[in-house]
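This briefing is for a reader new to the structure.

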Amino acid sequence: MLGLMQDHPLLISSVLEHALCSHPQVEIASRLQDGTVHHCTYADIGQRAKQLANALTNLGVQPGERIGTLAWNGYRHMEMFYGVSGMGAVLHTINPRLFAEQIEFIANHAEDQYLFFDLSFAALIEQLAPRLTTVKAFVALAERSQMPPIVVPNLLCYEDLIGDEPETFAWPCLDERVAASLCYTSGTTGNPKGVLYSHRSTLLHSMATCTPDGFNLSSADTALLVVPMFHVNAWGMPYAAAMCGARLVLPGADLDGASLYDLMQRERVTLALGVPTVWMTLQQHVQNAGLMPTADLCLNRVVMGGAAAPRSLVETFETRFDARVLQAWGMTEMSPLGTVCNALPKHRDASLDERIDLQAKQGRVLFGVRIKIVDADGAELPRDGKASGHLRVKGPWIASQYYRGEGGDLLDEQGWLMTGDIATIDPDGYMQITDRVKDVIKSGGEWISSIDLENAACGHPAVAEAAVIGVPHPKWQERPLLVVVLKQGMLATRDELLGFLQSRVAKWWLPDAVAFVEALPYTATGKVQKMKLREQFRDYRL
Ligand code: AMP
């Protein structure tokens, strides 16, 4: 017997309509290229998203066709999140930090029909345009007076394109399973692979994000999205915020510590989301400039995800910013959210140290995501907080395959996504990532966690950033090499650092050597590029 409940598809347009009805006057603040902050409301975003949907319809855009963006976090990008997906096309956000060749591959592979770009990418567009074989026109996200002097066939102006269009649009009643957005993940080998999100997966994921055991997002929040809208839809926040009426702050291109601090202060940000490197930069700025975040800011939560948050960073935000750190874990293939680290009632009386120990974990799953760890033969391992194994995941906002079936198998025979991460799960359900499969250091048949070592090294007062890689060893197969960037004006020797680690990690984990470098190589999504580092130290002999 079927239930007798109304059947409404879960569509991105319904999120916008809800925002227009429930909190039309809530603001979206966007920092523009000239440094000024533009304010608009969900009502404005809604009206302009509808004008955009009309414009795309007039251009002949068909359901399912891909519309590319090369843009920072800003209100026009937000309009595209709703206008493009709402009218049935697929929003394809491209990471502008990738190499030009990768962008070319991605836009051609996705067969983007139109490419919308921020002015800071005008030169890149001019360079790429002749090689983008499917793009019918390039649309500058700008007013007529700001149009860039570039030579590109079919260059359009966004404000002209939408300006005269009607402010109403009848959103199509789509099948909730149709594609809404596309984001490529760039692995360390092979071509980038497309992850194609549906309306349904996007809405379920956003609802889970809002829950108290997720980011506890609500209309009381002003959320700063440092996490880019071109990487996994800014962790789904443009949808989640519209669902619950949170105010949004979109920082544009300036992501340095001073700019972020200023924006947080001016816009009274309560929740900020980004990768750990961003928060390291902010922390350094606060330290160097002698600022008082507790007096200047209203920050009460910081979400750190995308890479492991070092314990020392968590501690700084807890103590100097008086903000609760929520470590979150996920993947592009997971929309991205899988786990968030929140406390349980039994942690209520935990000391600061105990709380920070807990926050260094990646957290517990949200309803909708299932996780398990398995050994090399695929047998499930116990959830005892000790056994570590290959992490597998399942759920309605997790990819079943890559776009166009290219990029290899994502799932094992039982339909679990193979994350490539190694983790433990404790009896309370807290998952902790110990490494990426390809980064773990194999020493004498045992595994050494590069993340744990990095975490410990970051606790040294002179260390700004740390990465640990395995280097060949005649007896042990591999041994850890600690690569360190020191804080400006600080000094530390190899022996000091190893001495510091001695009481913090198992003796046989102690790195065999320390290398000091000016900077670590980072990927386009803010992770240390271990492969590049391994190449750099390929000839290193212990
Ligand atoms: P991406 O698809 O680029 O977002 O990368 C996903 C990968 O980033 C995961 O498989 C993890 O290896 C890593 N990752 C994401 N969040 C965390 C976290 N909180 N701690 C450790 N690693 C993380």
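The structure holds 0 disulfides. The model is a predicted one.

**Cysteines**
- Cys173 is exposed, and its relative accessible area is 67%.
- Cys210 is in no disulfide either, and the sulfur of Cys244, the nearest cysteine sulfur, is 4.2 Å away; the cut-off for a disulfide is 2.5 Å between the sulfur atoms.
- Cys210 counts as buried, with a relative accessibility of 14%.

**Helix H7**
- Helix H7 runs over residues 199–210 and has 12 residues.
- From its first C-alpha to its last, H7 reaches 17 Å, close to the expected 16 Å.
- H7 is mostly covered, with 9 of its 12 residues buried.
- The buried residues of H7 include His199, Leu203, His205 and Cys210.

**Ligand site**
- The ligand is surrounded by 16 residues, and the closest are Ala328, Thr332, Gln362, Asp421 and Arg436.
- Strand E14 (residues 324–330) gives the largest share of the shell, 4 residues.
- A polar backbone atom of Ala328 is 2.8 Å from a nitrogen atom of the ligand.
- Ala308 has a backbone N or O atom 3.3 Å from a nitrogen atom of the ligand.
- His231 places a polar side-chain atom 3.4 Å from an oxygen atom of the ligand.
- On its own the ligand has 500 Å² of accessible area, and the protein covers 91% of it.

**Backbone details**
- Most residues other than glycine have a negative phi, and most peptide bonds are trans.
- The peptide bond from Ser335 to Pro336 is cis, with omega near 10°.
- Pro336 has its place in the loop between E14 and strand E15 (337–340).
- Glu111 is not a glycine, yet it has a positive phi of about 55°.
- The loop between helix H4 (100–110) and strand E5 (114–117) contains Glu111, and Glu111 counts as partly exposed at 35% relative accessibility.
- Asp322, also a residue other than glycine, has a positive phi near 55°.
- Asp322 is in the loop between helix H13 (311–319) and E14, and Asp322 is exposed, with a relative accessible area of 57%.

Technical notes. Residues numbered from 1 in each chain as written. Predicted model: local features only at pLDDT ≥ 70, side-chain atom pairs only at ≥ 80, totals over all residues. Heavy atoms only, no water. Helix = DSSP H or I, 4+ residues; strand = E, 2+ residues; numbered from the N terminus. Expected span 1.5 Å × (residues − 1). Buried < 20%, exposed > 50% of the residue type's maximum accessible area, 1.4 Å probe, protein only. Near = heavy atom within 4 Å. Polar contact = N/O pair within 3.5 Å; in protein donor to acceptor, adjacent residues only side chain to side chain. Areas by Shrake-Rupley, 256 points an atom, 1.4 Å probe, with all protein chains shown as cover.
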